[in-house]
Amino acid sequence: MEKASAGMWRKIDTRYNLIGSECEKCKTLYFPPRIICRICGRDTKMRSRKLSGNGKVYSFTTIRVPSDTFKESAPYTVGVIELEEGPKVEGHVVENGKKVAIGSKVKTVFRKMYVDGDEGLIHYHFKFETI
Amino acid sequence: MAGIIGYGAYVPRLRIKVEEIARVWNEDGEAIKRGLNIKEKSVPAFDEDAATIAVEAARKAIHHSGINPRELGAVYVGSESHPYAVKPTATVVAQAIDAGHNLTAADLEFACKAGTAGIQMLMGMTDSNMIKYGMAIGSDTSQGRPGDALEYTASAGGAAFIIGKEKKEMIAEILKTVSYTSDTPDFWRREGANFPSHGGRFTGEPGYFKHVANATKLLLEQTGFKPSDFDYVVFHQPNGKFPLNAAKLLGFTEKQVEEGLLTPIIGNTYSGASMLGLAAVLDKAKPGQKIMVTSFGSGAGSDSFAIQVTNNIESKRKRVAPLRELIAKDKMYIDYALYLKNRSSIVRT
Amino acid sequence: MMVNMREVAIIGVGLTKFGERWEHGLRDLMAEAGLNALNDANITSNDVEMLYGGVMASGRFIGQEHIAALLADQLGFKNIPAVRVENACASGGTALRQGYIAVASGIHDIVAVGGVEKMTDVTPSEATSALGGAGDQEWELGQGITFPGLYALMAKRHMHDFGTTEEQMAAVSVKNHKNAVKNKYAQFRREITIDEVLKSKPVADPLKILDCSPISDGAAAVILAPLEIAKKYNDTPIKIAASTQATDTLSLAERESITSLKAAQISGEKAFKQAKVKPSDIDVAEVHDCFSIAEILAMEDLGFYKKGKAAKAIADGETALGSKLSVNTSGGLKGCGHPVGATGVKQAVEITWQLRGEAADRQVNGAEIGLAHNVGGSGATAVVHIMKRIN
C-alpha cells in the first residue's frame, strides 16, 4: 500500500469526510471525485461536494481471505453503499452486533483502515455502520 | 467568563466484564468488582484509537453546538495514548471535522487531565479574543499491563467540548477554574514502553486525593461556594470508589456524584474520564443548576471548575442522544481472547 | 469505419499445460507455447513480423517489466517490434485484438500474439494483492476489497435481484471441472460435486474457494495472417469474424449496474453485428468464468439468456458439453486454470481447436462458429471475439 506520505496525504479530505464532486452543469454527483464529468465532457463544471454518508446497503460480502495489508482485520464486511444523494460508494461496514442486509440503513464512522507496520503511517478512513 | 458552546461524547461499544478478566488470572471477580466499584469496561475495536475516538466525539460536539467548524480557532487533544509519538492527533481531528486550516492545534499530555487542561487554555484564548471558538478533547485507549490491577479499569472513550465566550451561545458558563499541581511520581510511562508503571498504593493518598482535594478546596475558597451549592459534582474516576471517597472527604454527597460517575459501567477512560462525567451530567442538568468538576492527572495535578448551566441547554439537548443511553444500548461483550485480539496483543502473522 | 480492412485468420495455435509449473519460469512457458504455435502454423521464427504479448502483472509476480522485448527474444523473434498489452485479466484478449488490428490494417502479415503469466513465484496473499490491482487500487483494494470480494458483491446482489442460488453458482464450477477432465492442458482434471463446492472454504460470501478460478502458471500463443494467404499455411484457417472491446468504470460502485457488465454487453452486441451472426448461431463459447457468478453474468450479458435466467439454465445443463451451446469446453478459467495474461489467448486457442475439429474428447460436433469472451478486472474491460471455420 502507500508507503510514501504523499499518496495518502492527497486523499485525506476525501477519505476523512467523504468529499465527492458535483458537475454544476448537469448536477451529477461523483464519488470518488473526478475532474471530467462523464456526461458533460469538456463542458464540465466540477466542484467539491461533501456527501452525508447516510445511505443503504446495496450489496455486501465478508472478506475471509484478505491481502497482506488487511490480514489482521479479517474477516471483515465490506459493502456497496447507495448514498441518499445518489452515488454508490464501496466501504467497510463495521461490526456493531446488528445484522447487515441489503437495504440496511447506514451512516459513516471514522476508523483506522490500516496501519503500515510498527513504524509507518496510520491510515484513517470513513467506514460505514448500520443504524 | 468563557463557557461551553457544545459537547460530544463517544465510548467504544466493545465491553469486557471484570469477572472475565478475573477468570483469566484466577482472581476473585466479585471481590474486585466490590473493591473497585466497577462491573465492566469499554474496549476499543481493532480499528479504533485515541484519534478515531476523538473524531467521533468532536463530530458530535460540532453537531450539538451548531457552530460552523471553520470558526474553530484551536483544537487541542489531550491523551496519554496518542497514536503517534510524533505527529499530532489534533491535526487528524481538525481535518476530520472540516475545521479548515486557519487554526492552531496541538496534542496535550498530562496523564488523565490533559483534556481539562485544554479547556483552561481555550478559556484564556476565547476570553482574550484571540480565537472565537476552541475545541478541547480528552480521548484515550489506555492500556493496563496484563495481570496488573489497572487491567480491570483501563478503558477507552473520549469527550469533546467547544469553548466560546458569547453568553447567548453557551449551554453552560464556566464561573471559575483553578488548578493544583506538584511533581508527584505516582504513575508514568517512558517513551517506547508499552504499558504504564505505577506506585501502587502511593497513587491514592499523595496522588489522587491530595491533588483533587486541594484543587477543589481552592475552588470553593475562591468562589465562596459551599459543597451544597452544587447540583452535580464530577471527580476524576480511576475506579468507582475514589470519587465517592473524595466526595465524602470534601463534604459532598453520593447523590451529587452519582450522575457523573461512569467508571462502574465503562471503566477508567483516562483523559476522557472527568469530561465524559461532565457530558453525562450536562445531558441531565437544568438551566441554572451548578456543576463542579475536578479532574486529576498523575504526575500530578488537578483542574477544578465551577460551571453554571444556562437556558440554551434545552434547545440543543435534543440534537444528540444522551451518553448514558449510548453506553447502555450500544454495547457488545467480548471475552478475554477477543479483547487481546482487538488490542492487537495477539496478531495473525 | 472499416474500409479496406483485410480479413484476418488464425493459422497456428499453441498452449502449455496450465497449473503449478514449479520447474518453469515465465520465459520458459512463453517459449513452450510459442514453439507449439509456430509448429502448428508450420512457420519459422523469422516469418513473424510483430509480437503482442498479453501479460497482466509480471512486475508484481516476478519483478520483471519490459516484458515484450524479453518474450520476443526468448521466442526467437529477432529484433522485431514487440508490445506488451496489459488490461488486467483481459490482457490476452486485448493482445489478440491488437494483433488482429495490425494484420487487418495491412501493416503486418504474420503477427504472433502471446499471453503468459507466472503466478506461483509469490505467496498467495501477494498474488491476492497483485490481482487486486485489476480493481480500483485507491477505492477498492485500498479498503481491503479483494478481487473475489468484488465478484462476491456482484453475486450477492444478483442473488437478491434474481433469486440466483449458491447451488446454481456451484453448478458452473461443476460443469467446468467436468470439461477440464477431458483437456490434457487443464490444471484440474478431476470432477467435483455441488456439495464439495458448497462445503469448500469461504473466500468472500457467498463465494467459496471452489467458486474461484485458481492461481496458475501458463502461456498461450496464436499466429495471425491475412485470410487471403492463410490457406498457404493451414488447411483449416479460422477466420476472426469479429474483434471488439469496450470499457467501463474501474470501480464497481460507479457502474450503472453491478449485476451485469456493461462493457461485456456492448462488446458482445458489437461483435454479433460485426460478424453478422446471432447468439443462437454460436456453437461453442469460452467465457470468462474467473468466478462462478462471472459465467452467469457472461451468459446474460452476451444475450444467450435473458437477465436473471442464466443461472438456472446452466444448472439445468443447457450449456454442458454437447448441448445446444457448449460453454467453456476447455474447463474455463475454473477448471483449466487462469494464468491471467494467458487466458484471453487460451480461449482463442480452444475455439480454434473446436472449429478445426481437433478438440479430442471434448469436441463439439460440427462446431462452425465460436465466441471468446475475456473480461478485465470486475468488468472495466471486456473483449469479445467471434471466430468462424472457413471451409
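Modeller: Let's start where strand 1 (residues 8–15) of chain C meets strand 8 of chain C: the two run antiparallel and are joined by three bridges. Please keep in mind that this is a predicted model. Within that pairing, Ile10(C) sits opposite Ile238(C) of strand 8.

Strand 8 of chain C also pairs with strand 12 (residues 381–389) of chain C, again in the antiparallel sense, this time over nine bridges. There, Thr247(C) has Thr381(C) of strand 12 as its bridge partner. As for burial, eight of the ten residues of strand 8 (residues 238–247) of chain C are buried, so this strand is largely enclosed by the rest of the structure.

Now for the whole sheet. These strands belong to an open sheet of ten strands in chain C, with mixed pairing and the order 3-2-4-7-1-8-12-11-9-10. Strand 3 (82–85) and strand 10 (326–327) of chain C form its edges, each pairing on one side only.

Let's step back to the chains. Two pairs of chains touch, and the most contacts are between chains A and C. Chain B and chain C, by contrast, share no contact, and their closest C-alpha atoms lie 12 Å apart.

The other contact, between chain A and chain B, involves 23 residues from chain A and 25 residues from chain B. Together these two chains bury about 2100 Å², with 49% of that area on carbon and sulfur atoms. Twelve residue pairs are in polar contact across this interface, and the count of salt bridges is four. One salt bridge links Lys127(A) with Asp47(B), whose closest N and O atoms are 2.7 Å apart. On the side of chain A that touches chain B, helix 2 (12–17), strand 7 (105–115) and strand 8 (122–130) of chain A each supply at least two residues. The residues on that side of chain A divide into ten nonpolar, five polar and eight charged.

To return to where we began, strand 8 of chain C has strand 1 and strand 12 of chain C as antiparallel partners.

Key
Residues numbered from 1 in each chain as written. Chains lettered and ligands numbered in written order. Predicted model: local features only at pLDDT ≥ 70, side-chain atom pairs only at ≥ 80, totals over all residues. Heavy atoms only, no water. Buried < 20%, exposed > 50% of the residue type's maximum accessible area, 1.4 Å probe, protein only. Helix = DSSP H or I, 4+ residues; strand = E, 2+ residues; numbered from the N terminus. Pairing = 2+ DSSP bridges. Contact = heavy atoms within 4.5 Å. Buried area = accessible area lost by both parts, 1.4 Å probe. Salt bridge = Lys/Arg side-chain N within 4 Å of Asp/Glu carboxyl O. Polar contact = N/O pair within 3.5 Å; in protein donor to acceptor, adjacent residues only side chain to side chain. Nonpolar A, V, L, I, M, F, W, Y, C, P; charged D, E, K, R; others polar.
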